[in-house]
Amino acid sequence: MTLDNLTLQTPYLSLDEEFYNLTDPEPLDEPYLISFNPEAAKLINLDSNTSDDPHFVALLNGTFSPKGSRTFAMCYAGHQFGNYNPWMGDGRAMNLGSVNGWNLQLKGCGETLYSRTADGRAAVHSSIREYLMSEAMHHLGIPTTRALGIIGSKTKIIRKRMENAAIVLRLSTSWVRFGTFEYFYYRKEHTKLEALAEYVIKESYPYLQNDDDRFFKMFCEIVERTATMIAKWQGVGFNHGVMNTDNMSIEGLTIDYGPYAMLDDFNYNYVCNHTDRVGRYAYGEQPNISYWNLTKLSEALSPIISKEKMQKKLDDFGAFIYPNAYVDIMSDKLGLAQKLDGDAQLIEDLVVTLHEAYVDHTLFFRTLSRYDGDRTPLYDIAMEPVVVDNWLKHYDDRLSQETRTQPERQKEMLKTNPKYVLKNHMLQEAITLAERGDFSMVETLLHIAAHPYDELPEFEHFAGETPEHHKNLGLSCSS
Ligand code: AMP
Ligand code: MG
């Protein structure tokens, strides 16, 4: 389908006017294409050569409006670093409408009712980071929003330095956040809370529509999906950095990519967001924080769902929903096909081991995927091989209880433990080149992002240990 035939619908606008604000994008000056993602185009049935259409850049710049589209910003609130902020919303994003179950959104397209004192813009560097990482996460099997394309421009914006503004066209099956419910709860607008729950069920959990207990079951879905998402983050070594409740999706999707990072050397306490001085959103804290965020969601839903039932579900999250999801993910990473007593302990010991061994997270699991009893390759990548040695003794014992053959195990592990993840230094290289007008590395990383488990000999240099001076740095929130 061509862009001229793209027809959008705007079901969100059937909600009361308080849920959104109709607003027009402010186009950027001299927009140009940085990258187009044909994989995401398929999701909304757009032709793979859509970027050749001059309307494509115009679509991202807000000057081409698809049929049926109306642009609007959504309201929401949220707990930011533990404190409630009643007035947030899409401060720099505008929704265009939806097609095929995907809601299209421009990020960085100008001020909205919810911009507060900020400029409604997004810098090229953070936009490239969001564009690439959301695709990488998808291909790693982690629920996430997607991205169709990105444009740059001559429009200057002030961040730590003057930067050029960009716009990303993001796609999501839902843009509703925990904070959307909080917005109406704290304003004591319970009818709207209920209307929002009905909307969420229709959009995200349609199989619950005729269920008398649908609100509670929706909450259960959110709890379970959040557990799965967080377990996957922990498994792959992803640190989100800004797990405020406004950045938590009611579908358990990874949303709003800011100062995120993939772990370099494993560090349980790693904090990618350098403004997070106390480490509230440290890598190792993510499961606890997701629980905290879910309790905030349960408070917001308390006028329409039994508090006791939600509390029981939250207790279950801590007692077994999250722990089981995590053990499942880690067992796959370790190539354990059987479930045996003691596996959770083996995994817990591994976390301590990795923390003490100073070893690259991704490289460790990839190397372990070829483990055949010879420990040398693992010793070679760890700064403290003795620590690894102790754990491997237990791992050997455990493997001896597996019924799968070694080649079968290795094959599965190589499909589970990525060879390539997008580390910050790789993204930074692509950004530096893009800021000079060379977008080739954005394309390269988009390709690598789509093939995390493949051997890509020409990109072998991205599969190794992170160069020392790029390891586990803190990133600024400025975006
Ligand atoms: P974030 O933590 O980036 O997800 O953003 C937190 C809130 O600030 C959201 O309501 C954003 O829409 C808003 N925001 C962030 N950056 C800007 C900006 N440059 N202009 C307007 N609003 C912004
Ligand atoms: Mg956000």
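Guide: Buried here means under 20% relative accessible area, exposed means over 50%, and partly exposed lies in between (1.4 Å probe, protein chains only). The model is predicted: local features need pLDDT of at least 70 and side-chain atom pairs pLDDT 80 or more, while totals for chains, interfaces and linings use all residues. Residues are numbered from 1 along each chain, chains are lettered from A and ligands numbered from 1 as written, and side-chain values use heavy atoms, without hydrogens or water.

With a salt bridge taken as a Lys or Arg side-chain nitrogen within 4 Å of an Asp or Glu carboxyl oxygen, the count is 35. In one of them, the closest N and O atoms of Arg-170 and Asp-256 are 3.0 Å apart. Arg-170 is in strand E11 and Asp-256 in the loop between strands E12 and E13, so the pair ties together parts 86 residues apart in sequence (strands, E, are DSSP runs of at least two residues, and helices, H or I, of at least four). Arg-170 is buried at 2% relative accessible area, and Asp-256 is buried at 13%.

Asp-256 is also a donor (N, O or S within 2.8 Å of the metal, 3.2 Å for Na, K and Ca) to the magnesium ion, ligand 2, together with Asn-247, at 2.0 to 2.1 Å. Asn-247 is buried as well.

Lys-339 and Asp-328 form another salt bridge, at 3.1 Å from N to O. Lys-339 lies in the loop between H8 and H9, and Asp-328 in helix H8, 11 residues apart. Lys-339 is exposed at 57%, whereas Asp-328 is partly exposed at 33%. Elsewhere, shared partners join Asp-16, Glu-18, Arg-187, Glu-189 and Lys-192 into one salt-bridge network.
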